Amino acid sequence: MSRILNARITFRTTPVHMLEKFMMKDHKDAYRRFRESGLEECVIVQTCNRVELFGRASEADYSGIIRTWSEVTGLDGGAFGAMETGEDAEAIRHLLDLVSGLDSMVVGEEQVLGQVRESIASAKDAGASGMHLNTLFDRAARVGTRIRNVTGLGKEGVSVGSMAVRLAEENVNDLKSKGVLVIGTGEVATLVAKSLARRGYSFSVASRTLQRAAAFCEAVGGDPVRFEDVLADFGRYDVSFVATTAPFFLVAYDAVATLSTISGMMILDLSNPRAVDERIATIPGVKLMNLDQIGEMVERNMKDRANKAEAIQGTISGEVSALEASMRRLEAEPLVNETFRVIEEIRARELAKAVQMVGDADPRTVRIMDDMSRAVLEGIASTPMNNIRRASEHGDMDVLEVAARIFDYDI
Ligand SMILES: NC(=O)c1ccc[n+]([C@@H]2O[C@H](COP(=O)([O-])OP(=O)(O)OC[C@H]3O[C@@H](n4cnc5c(N)ncnc54)[C@H](OP(=O)(O)O)[C@@H]3O)[C@@H](O)[C@H]2O)c1
């Protein structure tokens, strides 16, 4: 019987800026290697806060997974000490926690559900996932949506963007009168800008090109500014949200250290890898927060969400058993499908022979013979096939093995 496996490195055990090292850049290549290493199916889920692998295999060989993951990332096998694992019910529960937003840094955030959907879509595209993981992920995504709708978790549009804006409000007096800047025009910058606009703040937006900043502001609000102008006069901005994928420090130490007067500047670096030089935190009058620190602050502000989360755990527990049963039931599908295929082949062959023997059978007679042969076979085969499925659902693998022997099927 095959098992569902999960191996993950997440913000829970590893600082966010270290996660980058575990990311798998070339998914196609990674999928090929994991398949070759013995996973029958696999799905990679990567977000800013996690790198995860879901797999299906006949046994839980985590050292094999680490070996392949090391090959893909160039890391030493010893670097995987913080890897968490879980199989079957645990792996399914974790996936449901994930899609419900319970395992997120900002509990209940909405992006993760979309990210999980994208992950399974790209695994399907790459031919890496199959019947089991496709079924599991599709159903998990539906459960995630339902949980959010029923509980209202995430209803207020909570995101890393809105949490960052809330943190700025908590830390800066009279934010409305301050110079607020957003650097970046991507997904996270959009979340920040939407949240700022919703709360009535004015802000500037910098992008590598002014046109992109202008198009962004047209869509979500704010005033576009030239990136060079921003860095030349960084002191104008009391609060900056930095959300880019720049592979270097976009806001360098000198850009801030050389400012003549700083009175209460706050910089929130939402980027991973970081886009703001951490040494800036040592400059008097500057408060720099990175994604890890934002996560910690968020956790402290999450009491009411935690209560909701507890209620959701109950719903998830019920879903875990149902999904586990579905996974087990799928074990019988190849045998059942193959048996029905063989039966159908025999039926079609015998029907053709009979029609030929009748000679000039009119279409009505042929249809009656066809319907009858189908009805007889379905009447005989349905009950044993359903019993095989049911046995498989209950984990009664002996029945499956005996059935395979009876029907001459190689499992
Ligand atoms: N998505 C999430 O759920 C999430 C959550 C937490 C943190 N993060 C982190 O937030 C950051 C942004 O993520 P995202 O999802 O918003 O990415 P995204 O949608 O791909 O947007 C990336 C932005 O980075 C800017 N950019 C890219 N290369 C740049 C460079 N060399 N110099 C300056 N700007 C550059 C681009 O702006 P222009 O092309 O307009 O200049 C673009 O707007 C990432 O570091 C990510 O790890 C994401």
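**Values set against cut-offs**

Colleague: Why is Lys-176 called exposed?

Modeller: Lys-176 has a relative accessible area of 52%. Exposed means over 50%, buried under 20%, and partly exposed in between (1.4 Å probe, protein chains only). Lys-176 is over the exposed cut-off, so the word applies.

Colleague: What kind of model is this?

Modeller: It is a predicted model, in which local features need pLDDT of at least 70 and side-chain atom pairs pLDDT 80 or more, while totals for chains, interfaces and linings use all residues. Residues are numbered from 1 along each chain, and side-chain values use heavy atoms, without hydrogens or water.

Colleague: Where does Lys-176 lie?

Modeller: Lys-176 is in the loop between H7 and E5. Helices (H or I, at least four residues) and strands (E, at least two) are DSSP runs, numbered from the N terminus.

Colleague: What makes Asp-174 count as exposed?

Modeller: Its relative accessibility is 52%. That is over the cut-off, so Asp-174 is exposed. Asp-174 sits in the loop between helix H7 (160-171) and strand E5 (180-183). Its phi is positive, about 50°, although Asp-174 is not a glycine.

Colleague: Asp-88 also has a positive phi. Is Asp-88 buried or exposed?

Modeller: Buried, because its relative accessible area is 19%, under the limit. The phi of Asp-88 is near 50°. Asp-88 belongs to the loop between strand E4 (84-87) and helix H4 (89-100).

Colleague: Why does Asn-134 count as buried?

Modeller: Asn-134 has 17% relative accessibility, so it falls under the buried limit. Asn-134 is part of helix H6 (residues 131-151).

Colleague: How do you know that the side chains of Asn-134 and Ser-129 make a polar contact?

Modeller: The distance is 2.7 Å. A polar contact is a pair of N or O atoms within 3.5 Å; within protein, one must be able to donate a hydrogen and the other to accept it, and sequence neighbours count only through side-chain atoms on both sides. The 2.7 Å pair is listed as such a contact.

Colleague: Why is Ile-312 called buried?

Modeller: Its relative accessible area is 0%, so Ile-312 is under the buried limit. Ile-312 is in helix H13 (residues 303-330). Its C-alpha is 46 Å from that of Glu-344, 32 residues apart along the chain.

Colleague: Now the ligand. Which residues come nearest?

Modeller: Cys-48, Thr-185, Ser-207, Arg-212 and Asn-272, out of 22 residues around the ligand. To be near, a residue needs a heavy atom within 4 Å.

Colleague: How much of the ligand does the protein cover?

Modeller: The protein covers 82% of the 890 Å² of accessible area (Shrake-Rupley method, 1.4 Å probe) that the ligand has on its own.

Colleague: What makes the bond from Asn-272 to Pro-273 stand out on your list?

Modeller: That peptide bond is cis, with omega near 5°. Pro-273 is in the loop between strand E9 (265-269) and strand E10 (286-289).
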